[in-house]
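This report looks at a ligand site and at a few backbone features. Please inspect the model below before reading on.

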Amino acid sequence: MIRSVIQGVGSYLPEKILTNAELAQKVDTSDEWIVDRSGIRERHVAAEGEKTSDLAIAAIRKALASAGRDGKDIDLFIVATTTPDHTFPATAARVQAALGRPGVPSFDVQAVCSGFIYGLAVADNFIKAGQAKSAVVVGAEVMTRLLDWTDRGTCVLFGDGAGAVVLSAEDGKGATSDRGILSTHLHSDGRHYDMLFADGGPSSTQTSGHIRMKGKEVFRHAVVNLADAVQEALEANKISINDVDWLVPHQANKRILDGTAQKLGLDPAKVIITVDRHANTSAASIPLALTAGVEDGRIKPGQMVLMEAMGGGFTWGSALVRM
Ligand code: ACO
């Protein structure tokens, strides 16, 4: 059976770091409140003129280098983003023009914070169907451009960044000992559209809008949906939580991560956490955390990694991968 193996990972964070203390100078908040409620200490903020495609391209270059690949040999480019450069064309068009071979498919995927998992599932299915032998999936966001800096309930929670993986088709036995993506599961429930959304768009206000969120409701759904997503992946692969070497969750809030780990009976030391340094970077947060774990040597080849995310829509899902 064909498996989509992660050959390389890479990430990019804008140079500018905004600490909670600096934020507290322009917003009615405090370092103590933000750390206590979210675990966030600082976030990166894109420079003026720095666009989502710039972040994506920088992350993909590193992922290609770590895979030992040239972008011209890649068959498919998928950009997961909620903050495209323009309403159209897709940000993926810029990425493909900068790094890819003319003519190969490229498109954006919009599933907000679950975007990377959605992108990974789409790429895995292209590879399994034989339509691509290799793919790049990047999550890239400048979430700070969607913030209402007068809404302290949201503006303290988000940051900018990008993370990418290079996937390559390899033969596997169809067992969980195979390297590569072992399963993906995707979900959505649009009844919760208004709990987390941007209050603008081309067909409604002709603006990009700002992030609006019912924080408490989102929190409650997140812990339940994320734990369910993990259980679903474990059951589908007939493994237990103890077989998972690393949980790489979407980095929204340290309390959501702790609540999910506790609900699953998972050792907190097996959870890769970057939310303290990156804040919530939406679709970029999982590949940013994955890259951090690989680059600091915690995540090793052959280990089993479970990724899970939940975001606006609501959307949620998981990807189980043997590195
Ligand atoms: N600084 C100081 N005080 C604040 C701030 C702030 N930044 N924001 C809100 N407050 C105040 C409120 O005004 C309120 O004051 P009051 O009691 O006088 O009215 C008090 O703090 C409590 O506010 P709540 O909104 O009830 O705080 P809560 O404990 O629910 O925490 C938070 C808010 C952090 C947003 C929480 O609900 C949460 O984490 N929700 C999950 C949202 C999330 O992570 N979304 C990310 C996208 S979804 C995803 O990726 C899964």
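A polar side-chain atom of Asn253 sits 2.4 Å from an oxygen atom of the ligand.

| Side chain | Distance to a ligand oxygen atom |
|---|---|
| Asn253 | 2.4 Å |
| Lys216 | 2.8 Å |
| His250 | 2.8 Å |

Taken alone, the ligand exposes 1000 Å², and the protein buries 74% of that (Shrake-Rupley areas, 1.4 Å probe; for residues, only the protein chains shown count as cover).

The model is predicted: local features need pLDDT of at least 70, side-chain atom pairs count only at pLDDT 80 or more, and totals for chains, interfaces and linings use all residues. Residues are numbered from 1 along each chain as its sequence is written, and side-chain values use heavy atoms, with hydrogens and water left out.

## The shell

Which residues come nearest to the ligand? They are Thr29, Arg37, Lys216, His250 and Asn253, out of 22 residues around the ligand (a heavy atom within 4 Å). By class, the shell has 11 nonpolar, six polar and five charged residues. Here Asp, Glu, Lys and Arg count as charged, Ala, Val, Leu, Ile, Met, Phe, Trp, Tyr, Cys and Pro as nonpolar, and the others, Gly among them, as polar.

Helix 7 gives the largest share, four residues. Helices (H or I, at least four residues) and strands (E, at least two) are DSSP runs, numbered from the N terminus. Domain 1 (2-171) and domain 2 (180-322) each supply at least three shell residues. These bounds come from an automatic or database domain assignment.

## Backbone features

Most residues other than glycine have a negative phi, and most peptide bonds are trans. Phe88 and Pro89 are joined by a cis peptide bond, with omega about -5°. Pro89 lies in the loop between strand 4 (77-80) and helix 4 (91-99). Another cis bond links Gly313 and Phe314, with omega about -5°. Phe314 is in the loop between strand 12 (304-311) and strand 13 (315-322).

Ala279 has a positive phi of about 60° although it is not a glycine. Ala279 lies in the loop between helix 9 (275-278) and helix 10 (285-295).

Key
A polar contact is a pair of N or O atoms within 3.5 Å; within protein, one must be able to donate a hydrogen and the other to accept it, and residues adjacent in sequence count only if both atoms are side-chain atoms.
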